[in-house]
Each structure stands twice: as C-alpha cells, then as structure tokens.
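I opened my notebook beside the model today. Here is what I looked up, in the order I went through it.

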Amino acid sequence: MLNEIDINLLFDIAQVIFLIPFLYLLNQEVFKLFKKRHSFFSFRLMNSLFFYHLIFGAIYYTYASFNPSDSHRYFQVPQRAGKDWMDFTTTGTGFIDFISYPFINYLGFSYEMMMLLFTWIGYLGFVYAYLIFRENIPHTIKVFKKINLLPLLLFLPNMHFWTASLGKGAPIFLGLMMFAYAVTNYEKRWQGLFLGSLLVFCIRPHIFLLVSIVAVLGILFGKKQIEWKKKLVYTGLITGVLLIFRDQILGVVNLGGSQNLISDFMAFTDKRADSLGQASSGIAMNEYSLLEKFFTFWFRPLFFDAPGFFGVIVSAENLIYLLLVVKLFKRNFFSFIKIAPIKVKMSLLLFLLSSFAMTFVMSNLGIIIRQKTMIMYFLFFVIYYFMAYEKNTVFKLKQEVTGRKPLAKAA
C-alpha cells in the first residue's frame, strides 16, 4: 500500500502535470506579442526549446532528490514561522525568498511546483536570448560545416541545467537577457530595461554594477541620433542609482563601509578563493596567472579534470566553447571590433569585466560551472556577429565598411 509520503508526492507531481499546460498556453500568448514586434519569431523553435528545458527541469529535480541542493533551502526558508513577506525585501539570497513567498504561502505551491515555476522563469531567459541573436543577426550561420549555430547555442545542456531550478540561476539569467534585449533600444523598451536591471540588482548587486558601467558607456557612445542632453540625463540617472545603492552593491563583497576599496577587495578575494578551494573540486586559482584564470573560468573542466560523469558532459560543452572562441583568433577580428556596433562592444566588455571579477573569487569547478552560465551568451553574441561579418552575409556593417550591397538573407 502507498504510505502518506508517497500519496503526497503523487499529488504534488499531479499538480505539476496540470501546471505544465497552463505555462504552455501562457507561452503562446507571450509569443504572440513578440510575433507582432518581430516577424522572424518562430513558435515552433521556442515551443521545442520549452519542452527541452522542461526535461532539464526534471533532470535537476532528480539530481536534487539524491544530492545536496540549495533549492530545498529556498523552499523551506519562506515557510519559517514568524516571517512575513516584507521581511524578505533584501538583495541576494533573500530576494529569491521574496519571490517565492507568495507562491508558497498564499497559493500553496509545493516544492515540485516551485521547481517548475523557476524552470519556466529560466526558459524565458532563453526566449530573450533568441530575440537578441535573431534581431541583430538575421542570417543563418553554420559551424563545423553543417550545424546551425543559433540552435546549437540555444540548446547547450549545461546552460539549461543551471537555469532549471528554484534558486538564483533562473531569474538572474532572465534579468541579464532581458536587459541585453532592451538596452539596444532603451527608449522604446524601458520597461524591460527597468525590470531586467531590477532583477540583476536584487539578485547580484555586484553584477548590476558591471551592467550599469556598460550601459552608461553604451548610452554615451551609442546611437548618434539621440541628443547629448538625453544621454546625459540617462547617464545621470544610472549614476544616481549606483550612488544611492552603493552600500548594498559593495556589501556583497563586505566593502560597504570600506575606506580603501582596492586593498580590501583583494583581501576579500584571497579569503574567498581560499575557502572555495577547500572543496573536493577546488583549484588553486590564487597561483594562476591572469590568462590561466580566464582559461579556467571559461573552459574548465575539460576531459583531463572532469569530476565524474556530469563533468564529462560539461567538458564536452566546454570544448564547444573553446572551438568557438578559437574562431576569434584572426587578424581581422581586431579591425572588426573597431568598427563593430556598440551592442557588440558592450557584450564583449560586459563579458570580460564579469569574467575578470569572478576569476578572483572562484576556486571551485562546481561553482565556476554554475556561475559562468550568466554571461556566456554575451560572448556567443560577439562570436556569432563576427562570423556573420566575416562570411559577408551581414547587412549594414559590411555595407558601410566595404560599400558593397549585403547578400540576400538566408532562409
């Protein structure tokens, strides 16, 4: 006979099964809105991506059932006695509790339903990533002779695994992709820019600092048709927000009241790296040169240091990253960057700044694998744009530089 625990689990799973069609139908309404803005929008591709992402939600749920997972903590904390919803109005971990609180305490969501909800939130990040690529690069680019690059990037397994669970990974990924989509047309997409920035700030204030720096540079040196008065106003608003929330941003790295930011930051990174390096998958990042730090953060583990079966899968994906980055090692890449649109330069700058900051505090392969999912699509965008430019399939940039008409769009 089924015991009470089994019955409750079956009931929770039944609720999840009921919720999936609801989210699917909700997706269709969202897709209709995007279709009105972008004729290229593919319902078929995005629906396929949705079910693909759900598979990774199920994989992560299974993994969390047999291994330690922060998702259990994120489900339990909002239920603690004596805690109200507004008690979680804070940044970082507490903000995930703030998002979860009404679903758990008011709507009665189970752990399984919360996992599905955050899986869907992570999926929306991939929808925005798709929009970013297709809006700016309306041509088919193939790698390894026959593989369409965009679907390859959208279906990378490690990117889906870490954005398909209750935790920070899904909403921070959505926030960054929403920001990247909106910032290229910030006057018309200011709502998305605000919401994306808010998510990034509330979840990882230090990443918001980097995003804001890049946004300021993009506004100042971006669209020439925007008056300098407006640019200065937007820049002033962003700078003001940074000053107002200075303590929250620096508090993430224990520098809220610091009088010497550089020396205190270096002390913090040394301590943080040492503590992370004690884990079973710890690595001696403090002993590495800057180039070795970058290589480790971007491409490890590779097969020679893969931690178990999961590590082998991640290594295969890291090998794809490495092969794609190799395509940038060409002389004309530097001339391309000089004339590239500001959105390409912003993506590259944000990727490099974020990588630089993270390499000083990451000394654990497990954490590295999870954290870099936030920013890899910014690098992919640069690679994709460069490959399109190099093959003479793109558009205004090639036409402006060479005076030649662009080739017809790919089907």
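For my own reference, pLDDT is the predictor's confidence in each residue, from 0 to 100. Helices (H or I, at least four residues) and strands (E, at least two) are DSSP runs, numbered from the N terminus.

Next I checked residues 275–280, where the pLDDT is below 50; beyond near neighbours in sequence, this stretch has ten contacts in the model. A contact here means heavy atoms within 4.5 Å. Residues 400–411 also have a pLDDT below 50, with 17 contacts beyond near neighbours in sequence. The chain averages a pLDDT of 81, and 76% of the residues score at least 70.

A note on ground rules: this is a predicted model, where local features need pLDDT of at least 70, side-chain atom pairs count only at pLDDT 80 or more, and totals for chains, interfaces and linings use all residues. Residues are numbered from 1 along each chain as its sequence is written, and side-chain values use heavy atoms, leaving out hydrogens and water.

Then I zoomed out. I found 20 helices and two strands in the chain. Of its 411 residues, 51% are buried, meaning under 20% relative accessible area with a 1.4 Å probe, protein chains only. Among contacts between residues at least 6 apart in sequence, 70% join residues at least 24 apart.

Last, I picked Ser-354, which sits in helix 17 (residues 342–359). Is Ser-354 buried or exposed? Ser-354 is buried, because its relative accessible area is 1%. Not counting residues up to four places away in sequence, Ser-354 touches Leu-210 and Ile-375.

Note on methods
Buried means under 20% relative accessible area, exposed over 50%, partly exposed in between (1.4 Å probe, protein chains only).
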